[in-house]
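Please look over the chain and its ligand. The report below covers selected local features.

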Amino acid sequence: MSVVVFAEQWEGKFKKTTFEAVSYGRRVADMLGVPTVAVVIGSLDEDAAQLATYGANKVVHFNASSLNSFDSSAFASALKEVAVSEEAQTVILSGTSNGKSVVPSLAIQWGAAPITNVAALPDSVDPMTVKRGAFSSKGFVTYTAHEQKTVLSFIPNAIGVAEFPGEAIVEEGSGAAEARVQVKGVDRATGSVPLPEAELVVSGGRGLKGPENWGMIEELAELLGAGTACSKPVSDMHWRPHSEHVGQTGIAINPNLYIAVGISGAIQHLAGVSNSKVIVVINSDAEAPFFKAADYGVVGDAFSVLPQLTEAVKRFKQG
Ligand SMILES: Cc1cc2nc3c(=O)[nH]c(=O)nc-3n(C[C@H](O)[C@H](O)[C@H](O)COP(=O)(O)OP(=O)(O)OC[C@H]3O[C@@H](n4cnc5c(N)ncnc54)[C@H](O)[C@@H]3O)c2cc1C
C-alpha cells in the first residue's frame with residue numbers, strides 16, 4: 001500500500017507546487033499509515049532524492065526520452081504502472097494545466113474515482129472524504145468516494161508546502177505507454193513571471209482605457225516581481241495577449257496577492273481569481289462588485305492611485 005504523487009517537472013526543474021503535492025501526499029499517506037511514492041516523468045536537471053525533504057519515501061523516475069514531451073495519456077500510464085505495483089489507494093496531483101489533463105485519463109486507466117479542485121486535507125481517508133471548490137470557487141462541497149481507489153487533484157497554493165525529515169530511494173520506472181504526440185516547437189512568453197505560478201499578480205481591466213496605459217501595471221508588477229493579468233474584454237480588444245486573460249474562460253490563478261485595477265469584478269472574472277489569498281481592488285466606482293470580494297479596496301482613479309502605490313512601494317524597497 002502507498003500514496004503515489006505526480007512530481008511534475010518543467011524543463012528539468014521541479015515546480016513549487018510539486019513540493020506542495022508531495023507534502024500533501026505525505027500527509028494523506030500518514031493518515032493511511034503507508035509510504036509516499038513520488039513519480040517523476042522525463043529528464044531531470046535536479047536531484048530527484050530532494051523530494052524526501054517534502055515527505056517522499058521513494059521516487060520512481062521514468063527517464064525514457066519518449067516521455068520528455070508532455071502527453072497526458074502516456075503520463076497517466078506511467079502513474080498507473082506505479083499505482084498498480086505499489087498497490088496504491090490514492091494518487092495525488094497538483095491541479096496545474098498538465099495535472100488537470102492527466103486526472104481523467106488516469107482515473108479511466110486505473111479504474112479510480114477522480115476528485116478535482118481539492119481545497120483541504122481529507123476529512124477521512126476510508127472512505128475518501130474531502131472538501132473541494134465548487135461553482136467556480138464560490139462555494140465548497142464535500143465529496144465522499146464510493147471507490148476504494150481515488151485520484152485527487154488539489155488547487156495549487158491552497159494547501160501549502162510542508163517539510164519532513166527522512167531520505168528517499170530513487171528507482172527507475174518502466175512500463176509506461178509511448179507518448180502519442182510529439183512537440184515540434186514551443187513559443188513562449190518572455191520577460192515576465194509565468195501567470196499560473198506567480199505568487200503576486202497585478203491585473204488591469206477596461207478601466208485603464210487603452211493599451212498605452214499598461215506601463216503603470218508593468219512598472220508595479222516589475223517592482224513587486226509580480227505577473228501581469230487582465231480581464232477578458234482587455235484581451236479580446238488585443239490590448240493584452242490572451243495568455244494574460246484570467247477568469248472562467250481564461251486562466252484560474254491562486255496567487256498570494258492579486259491587485260485588480262479598473263476591473264468591475266464580474267462573476268466570470270472572479271471565477272478565476274477568487275482563490276487568491278489577498279485581493280486588493282482599485283476602482284473609481286464605490287459600487288463596483290469587486291469590492292465585495294476584496295480584502296483591501298481603494299475607491300479612486302487608477303491614474304492617480306496606481307502611480308502613488310508604485311512610488312510607495314519604491315520608497316518601501318529603498319528602506
Ligand atoms: C460566458 C462568459 C465568460 C466570461 N469569461 C470571462 C473571463 O474569463 N474573465 C473576465 O474577466 N471576464 C469574462 N467575461 C466577461 C465579464 O462578464 C465582464 O464583462 C468582464 O470581466 C468585464 O471586464 P472589466 O471589468 O475589465 O470591464 P468593465 O466591466 O467595463 O469594468 C471596468 C471597471 O473599471 C472601473 N473604472 C473605470 N475607469 C476607472 C478609473 N479611471 N480608475 C479606476 N477604475 C476605473 C469601472 O468603475 C468598472 O468597474 C465573461 C462573460 C461571459 C458571458
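## The ligand shell

This is a predicted model.

The side chain of Thr249 places an N or O atom 2.7 Å from a ligand nitrogen. On its own the ligand has 980 Å² of accessible area, and the protein covers 74% of that.

## Thr249

Where does Thr249 lie? It is in the loop between α5 and β15 (257-261). Thr249 counts as exposed because its relative accessibility is 55%, above the 50% cut-off. That value takes only the protein chains as cover.

Gly272 is 23 residues from Thr249 along the chain, yet their C-alpha atoms are separated by 8.2 Å.

## Helix α8

Helix α8 has 16 residues. At 1.5 Å a residue they should span 22 Å, and the end C-alpha atoms are 22 Å apart, so expectation and model agree.

Which residues of α8 are buried? They are Ala302, Val305, Leu306, Thr310 and Val313. Viewed down the helix axis, these residues fall within an arc of 130°, so they line one face of α8. An α-helix has 3.6 residues a turn, so residues three or four places apart point the same way. The face turned away from the buried side carries exposed residues, Gln308 and Arg315.

## Ser23 in helix α1

Ser23 belongs to helix α1 (residues 16-32). Is Ser23 buried or exposed? It is buried, because its relative accessible area is 0% and the limit for burial is under 20%. Its side chain reaches the backbone oxygen of Glu20 at 3.2 Å.

## Backbone exceptions

Most residues other than glycine have a negative phi, and most peptide bonds are trans.

The peptide bond joining Asp126 and Pro127 is cis, with omega about 5°. Pro127 lies in the loop between β8 (124-125) and β9 (128-134).

Glu11 has a positive phi, near 50°. Its place is the loop between β2 (9-10) and β3 (13-14). With 48% relative accessibility, Glu11 counts as partly exposed. Glu87 also has a positive phi, about 50°, although it is not a glycine. Glu87 is found in the loop between α2 (72-85) and β6 (88-94). Its relative accessibility is 54%, so Glu87 counts as exposed.

Key. Residues are numbered from 1 along each chain as its sequence is written. This is a predicted model: local features need pLDDT of at least 70, side-chain atom pairs count only at pLDDT 80 or more; totals for chains, interfaces and linings use all residues. Side-chain values use heavy atoms; hydrogens and water are left out. A polar contact is a pair of N or O atoms within 3.5 Å; within protein, one must be able to donate a hydrogen and the other to accept it, and residues adjacent in sequence count only if both atoms are side-chain atoms. Accessible areas come from the Shrake-Rupley method with a 1.4 Å probe; for residues, only the protein chains shown count as cover. Helices (H or I, at least four residues) and strands (E, at least two) are DSSP runs, numbered from the N terminus. The expected span of a helix is 1.5 Å times one less than its number of residues. Buried means under 20% relative accessible area, exposed over 50%, partly exposed in between (1.4 Å probe, protein chains only). The arc is that of the directions from the helix axis to the C-beta atoms.
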